[in-house]
Amino acid sequence: MAIYLITGGAGFIGSNIARELLKRGEEVRVLDNFSTGRRENLIGFSDYQHFQLIEGDLRDTETVKKAVKGVEFVLHQGALPSVPRSIQDPVTTNDVNVNGTLNILEASREYGVKRVVFASSSSVYGNNETMPKVETMPVAPLSPYALTKYAGERYCQIYYTIYGLETVCLRYFNVFGPNQDPGSQYSAVIPKFISLMKNGRQPAIYGDGTQSRDFTYISNNIEANILACHRENVAGEVFNIACGKRYTLNDLVGLLNELGQTSLEPIYLETRSGDVKHSLADIAKATSMLGFKVITGFREGLELMV
Ligand SMILES: NC(=O)c1ccc[n+]([C@@H]2O[C@H](COP(=O)([O-])OP(=O)(O)OC[C@H]3O[C@@H](n4cnc5c(N)ncnc54)[C@H](O)[C@@H]3O)[C@@H](O)[C@H]2O)c1
């Protein structure tokens with residue numbers, strides 16, 4: 001049994017990883033300030049003897065030290081996600097995502113953590129037209145959010161090369177699944193569309209709907225995090241985590257209409273600034289070095305969610 005700290009463990013991705021680790025009999029500590037995470041995502045966790053919640057802020061060094069002390073692996077999911085939020089408030093996004101990450105790395109170095117896994121994002125690639133996105137491509141962050149994720153990656157790599165703290169960065173591509181909040185203005189497109197369409201309402205698309213994403217069901221990200229903790233020879237590396245297929249937003253609406261037996265037309269709105277046009281991952285590096293495999297594809301994941 002190992003001890004894991006999951007920052008942002010009350011959020012969508014963190015709570016799903018935490019639940020899986022608890023089911024596997026691991027010891028799990030969650031650090032979260034519930035700014036975007038939800039208490040309901042932790043329902044049932046206290047039934048596990050090896051679960052501990054630390055309610056606190058990544059920006060507070062003492063809280064972070066307390067959370068990191070004694071753990072073997074840190075799965076650093078905690079952040080303020082969302083491109084539009086970062087455009088509205090770049091300072092807070094930077095503070096949480098960059099300074100918060102630095103606090104985690106510093107405490108991990110001090111307390112001899114075995115490995116830190118960092119939740120990065122495909123947004124670091126920006127609008128580079130080359131497809132699929134390969135980890136060796138130059139990055140071009142288009143928003144404050146994307147830039148904070150890239151800064152986090154670089155800090156992780158620097159902590160490995162300078163201090164020898166093992167870090168692994170996972171670039172997630174549009175993750176979806178249970179515990180994802182459909183109700184905020186910053187919600188991701190899949191939970192938002194499912195919630196609207198279930199209620200017979202038309203989904204709104206920014207642009208013409210031809211923009212595409214490598215939508216990835218959460219089970220794939222859970223597995224990638226666990227592999228990233230235990231695999232040999234991956235410290236200091238960055239990996240794309242996705243399915244390696246892309247679907248347009250029009251495809252998504254079509255599929256949701258099929259699964260929900262509806263025929264709702266999308267409403268098309270002005271394109272939003274900071275949004276990338278296409279996103280598709282090359283997952284060859286994750287496959288060969290991490291041993292990553294796609295467990296649940298897009299359609300199957302949508303069926304599970306609907
Ligand atoms: N969901 C995606 O498609 C996606 C894609 C790429 C990268 N990511 C990254 O994955 C991670 C998890 O994203 P998510 O979709 O689960 O988002 P989420 O908002 O559901 O989870 C983030 C969690 O971090 C917590 N948090 C925020 N600020 C904090 C602070 N100052 N102190 C302590 N906790 C704080 C929130 O309360 C929340 O529980 C993030 O780092 C995000 O950037 C997500």
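## Backbone Exceptions

Ser82 sits in the loop joining strand 4 (73-76) to helix 3 (83-88); helices (H or I, at least four residues) and strands (E, at least two) are DSSP runs, numbered from the N terminus. The model is predicted, so that local features need pLDDT of at least 70 and side-chain atom pairs count only at pLDDT 80 or more, while totals for chains, interfaces and linings use all residues. Residue numbers start from 1 along each chain as its sequence is written.

Most residues other than glycine have a negative phi, and most peptide bonds are trans. Ser82, although not a glycine, has a positive phi of about 95 degrees. Ser82 counts as partly exposed because it has 19 C-beta neighbours inside 10 Å. With C-beta atoms placed from the backbone, a residue is buried if 20 or more other C-beta atoms lie within 10 Å of its own, exposed if 12 or fewer, and partly exposed in between. Asn179, another residue other than glycine, has a positive phi near 75 degrees. Asn179 belongs to the loop between strand 7 (175-176) and helix 6 (189-198), and it is buried, since 20 other C-beta atoms lie within 10 Å. The peptide bond from Met131 to Pro132 is cis, with omega near -5 degrees; Pro132 is in the loop between strand 5 and helix 5.

## Ligand Surroundings

The shell around the ligand holds 29 residues, of which Gly8, Gly11, Thr36, Gly37 and Ala79 come nearest. A residue is near a molecule or strand if its C-beta atom, placed from the backbone, lies within 6 Å of it. Two or more residues of this shell are given by each of helix 1, strand 2 (27-32), helix 4 and strand 5 (115-121). Helix 1 gives the most, with 3 residues.

By class, the shell consists of 14 nonpolar, 12 polar and 3 charged residues. Here Ala, Val, Leu, Ile, Met, Phe, Trp, Tyr, Cys and Pro count as nonpolar, Asp, Glu, Lys and Arg as charged, and the others, Gly among them, as polar.

## Helix 4 Against Helix 5

The axes of helix 4 (residues 90-110) and helix 5 (residues 144-163) come within 9 Å and cross at roughly 15 degrees. Axes are lines fitted to C-alpha atoms, for helices over the stretch in contact, and angles run from 0 to 180 degrees between N-to-C directions. Helix 4 and helix 5 are therefore roughly parallel to each other; angles under 35 degrees count as roughly parallel, over 145 as roughly antiparallel, 65 to 115 as roughly perpendicular and the rest as oblique. The crossing of helix 4 and helix 5 is right-handed. A crossing is left-handed if the near helix is turned anticlockwise from the far one by less than a right angle, and right-handed if clockwise.

On the helix 4 side, the contact includes Pro90, Asn97, Leu102 and Arg109, and on the helix 5 side its members include Tyr145, Lys149, Gly152 and Tyr163. Residues are in contact if their C-beta atoms, placed from the backbone, lie within 7 Å. The contact of helix 4 with helix 5 comprises 11 nonpolar, 6 polar and 2 charged residues.

## Two Further Helix Pairs

Helix 1 (residues 12-23) and helix 7 (residues 218-230) have axes that come within 10 Å and cross at roughly 65 degrees, in a right-handed crossing. Ile13, Asn16, Ile17 and Glu20 of helix 1 meet Ile218, Asn221, Ile222 and Asn225 of helix 7. This contact of helix 1 with helix 7 divides into 4 nonpolar, 3 polar and 1 charged.

For helix 6 and helix 8 (residues 249-260), the axes come within 11 Å and cross at roughly 40 degrees, which makes helix 6 oblique to helix 8. Helix 6 passes helix 8 in a right-handed crossing. Val189, Phe193, Ile194, Met197 and Lys198 of helix 6 make the contact with Leu249, Leu252, Val253, Leu256 and Gly260 of helix 8. The residues of this contact of helix 6 with helix 8 are 8 nonpolar, 1 polar and 1 charged.

## Two Glutamates

Glu153 lies in helix 5 and is buried, with 21 other C-beta atoms within 10 Å. Leaving aside residues up to four places away in sequence, Glu153 touches Phe118, Ser120, Cys169 and Val238. Glu153 and Gln202 are 49 residues apart in sequence, and their C-alpha atoms are 38 Å apart in space.

Glu303 lies in helix 10 (residues 298-305) and counts as partly exposed, with 13 C-beta neighbours inside 10 Å. Between the C-alpha atoms of Glu303 and Glu26 the separation is 29 Å, for residues 277 places apart along the chain.

How values were computed. Two residues are in contact if their C-beta atoms, placed from the backbone, lie within 7 Å.
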